[in-house]
Amino acid sequence: MHLSGKPQVMVVDDDLSMCNFLRSFLMERGYQAVTLGSAEEAVKRYHAERPAAVILDVVMPGSMDGLEALAAFRKIDREVPIIVLSGQGRTTTVVQAMKLGASDFVSKPFDETDLEIPLANALKQRQLSREVASLREQLQHQAAHNLLFSHSEQMAEVRDLIERVADTDVTVLVRGESGTGKELVARALYASSHRRDKPFVKVNCAALPTELLESELFGFERGAFTGAIQHKPGKFEFANHGTMFLDEIGDMSFPLQAKLLQVLQDGEFARLGGKHDVRVDVRIVAATNRDLERAVADGQFREDLFFRLNVVSINLPPLRDRREEVPVLTAYFLKKYSVQYNKPFQSVSDETMRQFMDYDWPGNVRELENLIKRTVVLGSESTIRKEIQHGIALAAHRISLSQQPQAHSVGIYNGGANGHHGYNGHASAPQPAGRSNGSHLPDAVPPAAHATPASIAAAAAEAGNYSLKDISRTAAREAERELILRMLQQTRWNRKETAEILGISYKALLYKIKENGLDKAS
């Protein structure tokens with residue numbers, strides 16, 4: 001669909017007179033038309049244009065003919081209607097085109113009705129398919145919505161707030177720990193709004209470096225940078241008249257925050273390399289697991305942008321504060337993944353459920369879902385029960401360690417003589433390249449709360465697990481978590497710098513942060 005609201009049809013034909021005829025033919029019937037003279041150019045421009053349908057000539061010069069272009073289009077978009085034109089009309093060509101996924105075949109020369117009817121039918125069929133898919137998705141989200149908001153008093157309050165603000169255009173900031181269901185809240189706001197028939201576009205601000213995120217959000221013009229061979233609309237343009245969900249907004253770079261502020265204030269922006277502003281009408285829902293007030297105070301987040309985003313704030317409680325939902329969520333995920341993987345698993349044992357209710361769920365609902373998925377796939381509870389036992393025991397040891405005097409802890413990071421820092425006792429910590437033991441580490445994580453090898457072994461024994469492999473795995477995971485958290489704090493949560501210090505890729509660091517449930521409050 002073109003930004004004007006009219007369906008856009010891409011015409012690919014090397015015959016200039018045919019292109020001109022089809023452009024007039026389409027515009028007379030209320031379509032937008034983009035005409036291209038080569039298959040190679042059409043395939044390159046497909047992502048930028050995103051047509052509602054394609055009219056494609058079979059016989060064309062160059063390194064790619066019409067049938068090869070048809071196959072390439074199908075790899076990019078399996079749903080777009082493609083009507084093939086040919087002056088040959090050979091049965092073998094027709095059969096090959098239909099096998100490759102053509103919606104219809106029209107022989108040249110043709111009457112206007114020969115093309116008008118197949119095109120209208122193809123677009124109508126695509127619209128019906130999209131409506132069915134949209135209804136199916138809405139039903140799935142409605143089921144998840146009812147599940148998330150219907151079984152605890154705290155989440156009922158969240159639901160009431162969603163219902164009060166959903167049908168307005170105010171900006172909403174959704175806050176909560178990782179895995180609490182912030183995207184579900186955003187989708188619930190969208191589903192209950194007057195924009196529900198328009199696009200819902202999600203962007204994870206932490207998943208892309210600043211330069212890529214800017215081009216992803218705002219698009220770019222041809223020649224804006226090396227490799228920009230054609231213009232590309234950004235996510236804001238795709239979300240026009242709809243809803244934009246900006247996840248992990250607290251990780252957006254400072255310069256990009258200024259450009260986002262302009263969109264919120266004026267409803268317009270310029271593409272990268274663009275000379276003119278683009279106007280959009282988009283409702284913004286943002287989410288974060290960071291303390292934005294602290295980020296503002298530390299100069300890492302713009303205060304004016306924070307006020308623009310924080311018109312209405314929805315705070316999601318962690319799963320440990322709404323444990324009454326654990327049995328309901330467990331039953332839902334068991335049913336979901338039993339069907340998905342065709343592996344019936346009726347329920348977990350009473351003992352496992354008791355452990356679930358005692359566990360603090362640092363990864364919240366996402367952690368519970370992943371554990372249930374693994375249970376269904378493996379057909380056994382034994383693995384997850386060991387993990388939960390370890391988690392409960394380690395949490396208990398952390399509490400007991402944090403209550404001990406610092407001087408009595410093993411392997412505590414503290415200040416030494418003459419202001420030098422080091423590790424006391426016999427414990428040692430790996431030092432990343434370029435960092436010395438003299439580097440000061442922030443105090444956000446109490447040193448006494450760190451799980452030591454001795455405490456991990458004691459916790460495992462207390463839980464009745466004497467497997468060296470399990471204990472080693474737990475100790476390694478705990479050490480990795482603590483080191484990543486320390487480096488994040490030392491770099492003031494600069495993830496790119498932290499990844500370089502740790503010698504891993506940026507994406508690997510993001511995965512480990514998510515896997516370990518780390519955030520600024522950790």
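Phe220 counts as buried, with a relative accessibility of 12%. Its ring pairs with that of Phe225 in this predicted model, and Phe225 is partly exposed, at a relative accessible area of 37%.

**Aromatic pairs**

- The structure holds 14 aromatic pairs.
- In one of them, the rings of Tyr190 and Phe200 sit with centres 5.1 Å apart and planes at 50°. That angle falls between the limits of 30 and 60 degrees, so the pair is tilted.
- Tyr190 belongs to helix α7 (residues 182-191), while Phe200 belongs to strand β7 (residues 200-204), so this pair ties together parts that are 10 residues apart in sequence.
- Phe21, Phe25 and Phe110 are linked into a cluster by ring pairs.

**The largest nonpolar core**

- As background, nonpolar side chains in soluble globular proteins tend to be buried together.
- The largest nonpolar core here has 31 residues, and the members that touch the most others are Leu217, Phe236, Met244, Leu246, Ile249 and Phe301.
- Strands β7, β10 (243-247) and β13 (283-288) each give two or more residues to this core, as do helices α8 (210-218), α10 (254-266), α11 (292-297) and α12 (303-309).
- Helix α10 gives the most, with 5 residues.
- If you click on Phe301 and set aside its neighbours within four places in sequence, you will find contacts with Ile249, Gly250, Phe254, Gln257, Leu292, Ala295, Val296, Phe306 and Leu309.

**A second core**

- A separate core of 24 residues is also present, and its members include Leu36, Val54, Ala102 and Phe105.

**A buried loop residue**

- Thr171 is placed in the loop between α6 (153-165) and β6 (172-175).
- Despite that loop position, Thr171 counts as buried, at 11% relative accessibility.
- Not counting residues up to four places away in sequence, Thr171 touches Leu264, Ile284, Arg308, Leu309, Val311 and Val312.
- Leu309 is one of the residues touched by Thr171, and Leu309 is also among the contacts of Phe301.

Note on methods
Residues are numbered from 1 along each chain as its sequence is written. This is a predicted model: local features need pLDDT of at least 70, side-chain atom pairs count only at pLDDT 80 or more; totals for chains, interfaces and linings use all residues. Side-chain values use heavy atoms; hydrogens and water are left out. Rings of Phe, Tyr and Trp (its six-membered ring) pair if their centres lie within 6.5 Å; planes under 30 degrees apart count as stacked, over 60 as edge-to-face and the rest as tilted. Helices (H or I, at least four residues) and strands (E, at least two) are DSSP runs, numbered from the N terminus. Buried means under 20% relative accessible area, exposed over 50%, partly exposed in between (1.4 Å probe, protein chains only). Contact means heavy atoms within 4.5 Å. A nonpolar core is a set of buried Ala, Val, Leu, Ile, Met, Phe, Trp, Tyr and Cys residues joined through side-chain atoms within 4.5 Å.
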